[in-house]
Each structure stands twice: as C-alpha cells, then as structure tokens.
Amino acid sequence: VPRLDPVGLALVVVLGSLALSAVAAGALSARARRRRSAASLQAIDFVRTSFTSRMVRAEPLEALLREVVEALRDFLSLDAAELWIVEGSQLRLHIADPPREAPPVTLSPGLETVILNARVSGRPWAQTWIPGLLASKPDAWGLRVAPVSHAGKLLAILVTARHHRADRLADEADEILDELAREVGVGLYRAGLDRALQATLEQLRRQAGELQASRARLVAAADAERRRIERNLHDGIQQYLLSVSVKARLVERVGTSDREATNKLLGELVDEIQSALVELRALGHGIYPPLLSSSGLRDALSAACRRVTPPAELEADGLGRYPVEVESAVYFCCVEALQNAAKHAGPVARVSLSLREIGKRLQFEISDSGPGFQVGQGAGAGLANMRDRLGAVGGSLAIESSPARGTVVRGEVPLPAS
Ligand SMILES: Nc1ncnc2c1ncn2[C@@H]1O[C@H](COP(=O)(O)OP(=O)(O)OP(=O)(O)O)[C@@H](O)[C@H]1O
Ligand SMILES: [Mg+2]
C-alpha cells in the first residue's frame, strides 16, 4: 500500500472535491439547459401550433397579439414584453405587459431601413436607434428587440426585458423572438391586406350605392322632364288649338252671312296658329313663351287674356320681374285658369284676371261668372298641373265655386328676399 504524505492526501481531497463539484455543476447546467430548451420549445410550439393555426382560422388578430405578448412574458419569465406597431410614419406602443403608456417614436425612412435590416438586438442597439423603448426598463435589465417585417416592410417590433439572469436573455429569447416575429409579421401583413380589401369593398359598395342613387335621379329627372313637356303642351299649345277650334266653330256658325265678321275671325285664327307655331318651336327648345321671357308676366298674360274667347279683363299693376320659375309657374297657372273659364264657364261668362305683389308674395286671381263646378264632371290634368307648378315654388292654390257666384281660382307664390 503506498504511503501518502499529508500534502499528497490534501491534494487528492482538493482534486476530488473539485472533480465532484465540476460533475455537480455540469449536472446543474444540463438541467438548466433542458429547462430552457423546454421553455423555448413550448414557446415555439405555441407560435407554430396555437398562434399560426388560429391566425389561419382568421381569429381576431388583436386578441391573438395580446396572447402572444402575454405568453412571451410567461415563457421567458420576463419583466416586460411589448409589441410596438408601425402606423404611418410612427412606431406606437400597441400592447404592453405590464401595461404602460409611451410616446410614439417617429420613424424616418432611414430609421425604418435600419430596424428592418436588424436581427434580434440588445440594449446598445436600442439605445442608439430607439431610446424610447428603454423607458421603464432599468439599466441592469437585459433587453432584446426583434423587428417584425414581411415582404420587405417593417410592420412592428417585439421588445422583451428581464432583470434576473439579464445576461442570459439573448440565449434564451432570440430564437423564440425570431420565430415569433416571422409569424406575427405574416399575421400583421395579412391583416393589412384584409383592411385594404375591406376598404376596397367598402368603396365599391359606396360607389354602387351612389350609382344606384344617380340612376334613380336620372330616371326621376327624365320623368320630371317628360311631365314638364306634358304640362307645357297642355298649358301652351293645347290652349291655342282650343281657342282655334272655338273660333273655327264661330266661323262655321257665322258662315257667309257676315263676311266682315268671318274675315276678322279668320285673321285671328291665322294669328293664333302662328302663335301656336312659335310656342311649339320654343317648347322644342325648352324655352318658355318668348313674350314671358322677354317682357315678363304682365305683357305675357295681357296677350293670353286677349287670346281667350271671350277676352278676359286684366288688372296687373306694379308688377316687376321675378325668378324664371316663379314667372313660369304663375303664367301657366293663369293661362290654364283662363282656358278653364273659356271652356267650362260658358260663352257669355265674364272673365277677369288680377295679379298683385303683396308683401313678399305674388298673388293672382281668375274669376268668372259661369255656373261653377258641376258635380260629377271628370277632372282633367289642368288643375293637377296648377297645383304641381305652384307647389314646386312653395306656392298654393285655392278654388271657390258656386252656381250663384261662379268660380274664383286664387293662387300665390312666395317671392325670394332679394
Ligand atoms: N272655371 C270653371 N268653371 C266651371 N268648371 C270648371 C272650371 N274650371 C274647372 N272646372 C271643372 O273642373 C274640372 C277639372 O279641370 P281641369 O282643368 O283639371 O280639367 P279640364 O279642363 O277638364 O281638362 P284639361 O285641363 O286636362 O284639358 C273640369 O273638367 C271642369 O269640370
Ligand atoms: Mg283645364
């Protein structure tokens, strides 16, 4: 048995205990590594299975992102996990665990390129490029920042910070952050496409609505135009032809017995046919009766009063010129009422028309001494046209009729302030 001197024995003991502690330390670090890689696998697993598949199933991205940040904090035992999202030319703190407020970081194109091309980086990098991220993260904490991008576009950054085992954070976090940043990038990119698609759909829907509305307006305008032509034919040309037919009947009755009267009537007939032609031409151009547009209500209605048989009396002093829609509404209403009197009040009835401006209103009144409205007489288009015309310019119509006192048609139209 070899003899060991005390010094040799002490050396063996020291070496032995060193070897033992080395074995123990090795065992410990292997356990820590296993724990770390288990956590890392768990985190990556979460990203690959849970986050990715739920993103494919189009679950609300906002909730998923919140889960990502919270899960990241849990898996890596972090003190802070944050997601900053690019909005226009700013980087905004979107989700923070624990919650906190932070001012946005302005992204110059240069800074965007720097972040886009960076790998997962640490505190010195953040200190240089995005110092705003360091607020609420003391110097002693480890920090990792991962850019989130897709298709060459910076979309966000993930930030992790931890105070215990601060020096180990890079080893534990970078692989996970890298993978997570890729998946979050795809998610954010798709969400951006979805938003753009939604905006396009929304725009298309709006345009379809506008198109439908404009089609409805076109149809309405075409209808209104057709009604306008109908009204103008009825109130204009038809009135001339009516008068022509009344006079032709008179010519027929007078015959050759009174040559002078017949010639006078024939002369009037020629004039009225000429006037009808002029009006027809004007209507074809969408123009109102030429005399109305050139000389106004008084002159145009004076001519209309002379035209009807028997001629009507006119009282219209102190009238001015009015907006074209007011003049045409009043003119055509008066002409229709005059024609109604000529048609329905009988050949011996006295007919008069008066117009006046009172306050800010233009009033007219056509009265005849005929038999009044007869029960059971069918209604034509004339009265409805009058109401439509006056209604369109804010006016109104009232009719009083009785066998004893004949018929009075009253209408009024508000005049514009100036
Ligand atoms: N001054 C009047 N005296 C007696 N009855 C009238 C008078 N004005 C209108 N009427 C009656 O009211 C009805 C409706 O008048 P309206 O002007 O709407 O139609 P119309 O003159 O018969 O036909 P249209 O004007 O379409 O050529 C007339 O048919 C007539 O019976
Ligand atoms: Mg009529």
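Patches are made of residues with over 30% relative accessible area and no salt bridge, where like charges are joined within 9 Å and nonpolar side chains (Val, Leu, Ile, Met, Phe, Trp, Tyr) within 5 Å. I note that accessible areas come from the Shrake-Rupley method with a 1.4 Å probe, and for residues only the protein chains shown count as cover.

**Ground rules**

I am reading a predicted model, in which local features need pLDDT of at least 70 and side-chain atom pairs count only at pLDDT 80 or more, while totals for chains, interfaces and linings use all residues. Residues are numbered from 1 along each chain as its sequence is written, chains are lettered from A and ligands numbered from 1 in the order in which they are written, and side-chain values use heavy atoms, with hydrogens and water left out.

**Entry: the nonpolar patch**

I looked up a nonpolar surface patch. Ile229, Leu233, Ile273, Leu277 and Leu280 make it, over about 380 Å². Helices (H or I, at least four residues) and strands (E, at least two) are DSSP runs, numbered from the N terminus. Helix H5 (169-254) and helix H6 (259-284) each give the patch at least two residues. H6 has the largest share, 3 residues. I picked out Ile273, which sits in H6.

**Entry: the hairpin**

I moved to the strands. Two strands pair if DSSP finds at least two bridges between them. Strand E1 (residues 80-87) and strand E2 (residues 90-97) run antiparallel, joined by 7 bridges. I found Ala81 opposite Asp97 in E2. The hairpin of E1 and E2 has 2 residues between the strands, and Gly88 takes a positive phi near 65° there. E2 also pairs with strand E3 (residues 105-106), again antiparallel, through 2 bridges. Here Gln90 stands opposite Thr106 in E3.

**Entry: the magnesium ion**

Which residues coordinate the magnesium ion (ligand 2)? I found Glu336 (OE) and Asn340 (OD1), at 2.0 to 2.1 Å. Donors are N, O and S atoms within 2.8 Å of the metal (3.2 Å for Na, K and Ca); water is not among the atoms, so sites may look incomplete. Glu336 and Asn340 are 4 residues apart in helix H9 (residues 324-344), so about one helical turn separates them. Glu336 is buried, at 3% relative accessible area. Asn340 is buried too, at 16%.

**Entry: salt bridges**

A salt bridge is a side-chain nitrogen of Lys or Arg within 4 Å of a carboxyl oxygen of Asp or Glu. I get a count of 21 salt bridges by this rule.

I looked at Arg165 and Glu172, whose side chains meet at 3.1 Å, N to O. Arg165 is partly exposed, at 42%, whereas Glu172 is buried, at 9%.

Next I took Glu179 and Arg182, with their closest N and O atoms 4.0 Å apart. They are 3 residues apart in helix H5, so about one helical turn lies between them. Glu179 is buried, at 12%, but Arg182 is partly exposed, at 47%. Both belong to a network of salt bridges that also links Arg119 and Asp178.

Last, I checked Arg410 and Glu365, which meet at 3.0 Å, N to O. This pair links distant parts of the chain: Arg410 is in strand E10 (residues 406-414) and Glu365 in strand E8 (residues 361-368), 45 residues apart. Arg410 is partly exposed, at 32%. Glu365 is partly exposed as well, at 21%.

Conventions: Buried < 20%, exposed > 50% of the residue type's maximum accessible area, 1.4 Å probe, protein only.
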